[in-house]
Amino acid sequence: MMEAEAAPAAPSTSKPRASSAAPRAAAPADAEAMLCCAQCGVYYPASETVQAKGRDFCSQAHASFP
Ligand SMILES: [Zn+2]
């Protein structure tokens, strides 16, 4: 009987996960922060905020709302 040569074992390398550690799937990078208007409740980009009386408003009209 011939001794069958051991078949070359396939390299069973478990996939190396040398990727970034922190998974960042929460918010897209370019997602802008949104604020809620204290007057009308609409959501708008934080860059367009109008601050008055210590609150955030969507527009000057709402900021000066009595
Ligand atoms: Zn508003």
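In which strand is the place of Pro45? Pro45 lies in strand E2, which spans residues 43-45.

The model is a predicted one, in which local features need pLDDT of at least 70, side-chain atom pairs count only at pLDDT 80 or more, and totals for chains, interfaces and linings use all residues. Residues are numbered from 1 along each chain as its sequence is written.

**View 1. Overall arrangement of the chain.** The chain contains 1 helix and 4 strands; helices (H or I, at least four residues) and strands (E, at least two) are DSSP runs, numbered from the N terminus. Along the sequence, these elements follow the pattern β-β-β-β-α. Of the 66 residues of the chain, 5% count as buried. A residue is buried if 20 or more other C-beta atoms lie within 10 Å of its own, exposed if 12 or fewer, and partly exposed in between, with C-beta atoms placed from the backbone. Among contacts in the chain between residues at least 6 apart in sequence, those joining residues at least 24 apart make up 5%; two residues are in contact if their C-beta atoms, placed from the backbone, lie within 7 Å.

**View 2. Pro45 in strand E2.** Pro45 counts as exposed because it has 11 C-beta neighbours inside 10 Å. Leaving aside neighbours within four places in sequence, Pro45 is in contact with Glu32 and Met34. Pro45 and Leu35, 10 residues apart in sequence, are separated by 6.2 Å from C-alpha to C-alpha.

**View 3. Val50 in strand E3.** With 18 other C-beta atoms within 10 Å, Val50 is partly exposed. Not counting residues up to four places away in sequence, Val50 touches Phe57, Ser59, Gln60 and Ala63. For one of these, Ala63, the C-alpha to C-alpha distance from Val50 is 6.4 Å, at a sequence separation of 13 residues.

**View 4. Lys53 in the loop between strand E3 (50-52) and E4.** Lys53 has a positive phi of about 55 degrees, although it is not a glycine. Most residues other than glycine have a negative phi. Lys53 counts as exposed, with 10 C-beta neighbours inside 10 Å.

**View 5. Phe57 in strand E4 (residues 55-57).** Why is Phe57 buried? Phe57 is buried because 24 other C-beta atoms lie within 10 Å. When neighbours within four places in sequence are left aside, the contacts of Phe57 are Cys37, Ala38, Gln39, Val50, Ala52, His62 and Ala63. Phe57 and Cys36 are 21 residues apart in sequence, with 7.2 Å between their C-alpha atoms.
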